[in-house]
Amino acid sequence: MSAPLPVLHILVALADGERHGYAIMQDVVARTDGGVRLGPGTLYGSIKRMLHDGLIEELDERPDSDDDDVRRRYYRITPRGRRIAKEEIGHLATLVRHARAAGLVPTR
Amino acid sequence: MPRADRLYRVLLRLYPAEFRGEYGREMTQMFRDRARHEPPLRVWLDVARDLIVTVPREQAHVLMNDLRYALRTIRRTPAFSAAVMLTVALAIAANTAMFTVVNAVLLRPLPFADSHRLVQVAEKNDRLNLPNFGASVLNFVSWREETRAFDQLAAIGFTSFNLSGAGEPEQFVGNRISPALLNVLGIAPVAGRGFTDAEEKPGAAVAMIGERLWTRRFGRDPSLVGRVITLNSTPVTVVGIAPAALNLFSGGDIYVPLTIDRAKEIRLNHVIFVAGRLKPGVTLQQAQAECDTIAAGMARTYPEMRDWGIHLLTFFETFVTPQLETALLVLLAAVGFVLLIACANIANLLLARATARQKEIAVRTALGASRIRLLRQLLVESVTLSVFGGLGGIIGAVWAVRAINASLPPNLLPIPEVHIDATVLAFAVGLTLVTGVVFGMAPASYAAKADVNEMLKSSRGAGPGRGRLRRGLAAAELALATVLLIGAGLLVQTFLNLQGARLGFESSGLLTFQLAPPPARYPVNDKAPLFYRALLDALLAVPGVRSAAVSSGIPFGQGNYTTSPFMTVGPSPLPPDTPVPIDWRIVSPGYFRTMAIPLLRGRDFSDRDDATMPLVTIVSQATAKKFWGDADPIGRTLHRPADSRTYTVVGVVGDVRSTTLNQESPALYYPMASRVWPLMDVAVRTDAPPATLLPVVRQKVHELDAELPLATVRTMEEWVSSSATQPRLSAALVGVFASVAVLIAAIGIYGVLAYSVNQRTREIGLRIALGARADGVVRLVVKEGMGVALVGIGAGVVTAVALGQGISSLVYGIAPRDPLTFAGVAALLSLVALAACSVPARRASRVDPIVALREE
């Protein structure tokens, strides 16, 4: 299995805690210095499929409602999601290693 | 801010309903959050990118689900699905095949560059009622000098050639063409060159060979260009190969330059076809206006052109007759009706099945599937069914088009073959999709509207709405079938009328062929008549030959059908000096006996009626009547203004149908002894079957001239029958379509009633339990069915009355609104509907009240 990039970003964002949609997006923006900006369709399209595949789950109760008064849905990573995230990131790390060895050094 | 919000919510509607329902609020919230913290331009750019990527993805996702579900349903009901697909396949195949012909004949431009700029320049004479007549060479030359509206004009003359030397001698139809013709049409030679302007002067011994002949006889040998061949016993150099498109005009295979020798031409000799290419931007009306001016000028200069004008026709008008156009459109409409009936029937089947699936649909609705979602899923199902059927239909159409090309009678269409092209494929695909939506719409919209509670509560309570819909569909099927059957009835009677038409001659037992002794060796006014005299004597000596004759054009054949204006001198019902166009033929003595055309008065021609004797003619009854009423025509004279000759009538013969079965035209005959045409028809009346005499006839011709080929060998019956090809085909095709339509419509009525009886089993059981008699129950059911049937048939009759004028040009010997046909069809279809009702009615009468009431 090879997960699409938005899925990996969401998994990483959820790795250290439950988040709602907008928070996931903000987290991804922060991590990538604004390089990746998940649109609503992309985000929720991915969430729908990840729920279906059992990579994440929706929380029944809301952990914090101090943000504002709007009801939001929160998501958290499942053990399966965590395992698959590790595998996929591992593949990517290997790929990056091979790329460096081949002289493809990412410039930032 | 709220406005941006609202806009985003509108955009959200692009997503599938269930996705929007699930995440729409969250997405709006997320949009709001971002709009609060980020510059609007960036937010909107992101939203646009997001929509473009994710809307199709989510939509496709749902569509794939629907498709998977549809495929599962199709697999679960194989017999039902196969029936639907087969019906669609048949209807699409028939429609696509028919459209292929319509596309090739009516829609596709002719195979020439910018064919919309091509026109025929014809002569016309309003006084003689000749709206579209051939042109003369001298007029063509004058037009060419004077016109500004055309890029170029080119002329085409018709002739025939004997090709000898290499292999078996053969006779070909050919054309004399202006060197400019290839330019006018915008086509290039396949090999070699076209003719040069210098070759328009008499003396150039050059020819072009048609691509078809080049392929068949010369195996596409490139070295044919430059070689010398023998045409009509004269050596001629082949300078080029003409593309196949050029034989649109006469099916020609050999082309020579149309040489112009002004001294030998007269303006009233209307023998050539003139084609012109309009200058870019010049309209037909502008060109016509210019031509009117030119014609008026010529009428002043040349007194003989007094009543003649110029008539411009588009190539489409020239090559596609209105009758062919009507026939094709009627056939396309007929086959379209079959498709509509099939759609209605499938819709009915699906409606019936929707009942069986009521529970499933109700459960899904209860589980939260939206109506839109259900509607969409049912439509995906019906479109999937029709796509499978349509694929089968396209394969069927490929096969049908191959069959059409193989069996297409020559000269029926102005093109040699029809092909499935991109337009046809697009038509088939579009038709398939529309078909699926049309037959899926009724059941889908019904299912999506249905009340969940009602459905879950009862297992068989279909609302009255659906019953009405089903009955309406069945009535519509019958209405369409009625229209088709009336059309078929009219066309079949037309065909029978044509078959029964009095020909005026006896077509059985006649063998015919064409000969074209080259004028170089057989001058038309001395050696050629002698050759035919010798040939007829030789043929008469053959055992089994009863008589033999030659004619410049036998009825229904491919000979010369020539019309000239004639005037009479002396007392006549006509105003003095009125020219009347009369078909004329050159015939040998014994022609009328051979054809069994009755000699009504006077005498036949004899061998003594040659150039040394006074000019004589034999006229047909219609001609005599036209010029002299009931007076005795023998000894009267006819004057031909074209060459200022006067002929004395020596005999009157019966009228003959000679070009089309549906009309008789006045005719006039000249004796052969003084002059023949370069191409003549020979007719041999035999005691044995005509074809058995062919070998000995061929031998007799070759004993006289071994280089002379026999061309277009046919029996007279073949000629007559091929002239009725188009009506026969129309009648047969519409007949087949109508039969299919009636069958489907009968199934439709049966289905509606069977379903209704099934639904009312309880009620009927109750009636029987309460003492209703079997015949009462039968009457109840039949009444319901016949109510539907009579509404349908009535609507069909009304529609057919309205459409009647549309096929008036296709019918002969019968009114397009013939009351007997209408009544007969209505009665026949009522009987069919009654038969379709009887089965469910009988079943209803046998309902066991105990079983019926115990159910549920």
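Mentor: Start with helix H3 of chain A, residues 40-53. At 1.5 Å a residue its 14 residues should span 20 Å, and the end C-alpha atoms are 20 Å apart, so the two agree. The expected span is 1.5 Å times one less than the number of residues, and helices are DSSP runs of H or I, at least four residues, numbered from the N terminus.

Trainee: What kind of model is it, and how is it numbered?
Mentor: It's a predicted model, where local features need pLDDT of at least 70 and side-chain atom pairs pLDDT 80 or more, while totals for chains, interfaces and linings use all residues. Residues count from 1 along each chain as written, chains are lettered from A and ligands numbered from 1 in the order written, and side-chain values use heavy atoms, without hydrogens or water.

Trainee: How many residues of H3(A) are buried?
Mentor: 10 of 14, so mostly covered, with buried meaning under 20% relative accessible area, exposed over 50% and partly exposed in between (1.4 Å probe, protein chains only). Among them are Tyr44(A), Lys48(A) and Met50(A). Just after the helix, Gly54(A) has a positive phi of about 75°.

Trainee: What does Lys48(A) pair with?
Mentor: Its side chain meets that of Glu58(B) in a salt bridge, 2.7 Å from N to O. Lys48(A) is in H3 of chain A and Glu58(B) in helix H3 (residues 40-76) of chain B, so the pair joins two chains. Both residues are buried. The cut-off for a salt bridge is a Lys or Arg side-chain nitrogen within 4 Å of an Asp or Glu carboxyl oxygen.

Trainee: How many salt bridges over all chains?
Mentor: 43. Another one is Arg471(B) with Glu784(B), closest N and O atoms 3.6 Å apart. Arg471(B) lies in helix H15 and Glu784(B) in helix H23 of chain B, so this pair ties together parts 313 residues apart in sequence. Arg471(B) is partly exposed at 31%, whereas Glu784(B), at 18%, counts as buried.

Trainee: New topic: what's the volume of the second largest pocket?
Mentor: About 1,000 Å³.

Trainee: And which residues lie nearest its centre?
Mentor: Ala94(B), Val335(B), Leu733(B), Val736(B) and Phe737(B), out of 40 lining residues. The largest share of the lining, 11 residues, comes from H4(B).

Trainee: How many of the lining residues are charged?
Mentor: None: the lining divides into 34 nonpolar and six polar residues.

Key. 1 Å grid on protein atoms, 1.4 Å probe; cavity = no way out; pocket = protein on both sides within 12 Å on 5 of 7 lines; lining within 4 Å. Points joined across faces, edges and corners; volume = space filled by probe spheres on them. Nonpolar A, V, L, I, M, F, W, Y, C, P; charged D, E, K, R; others polar.
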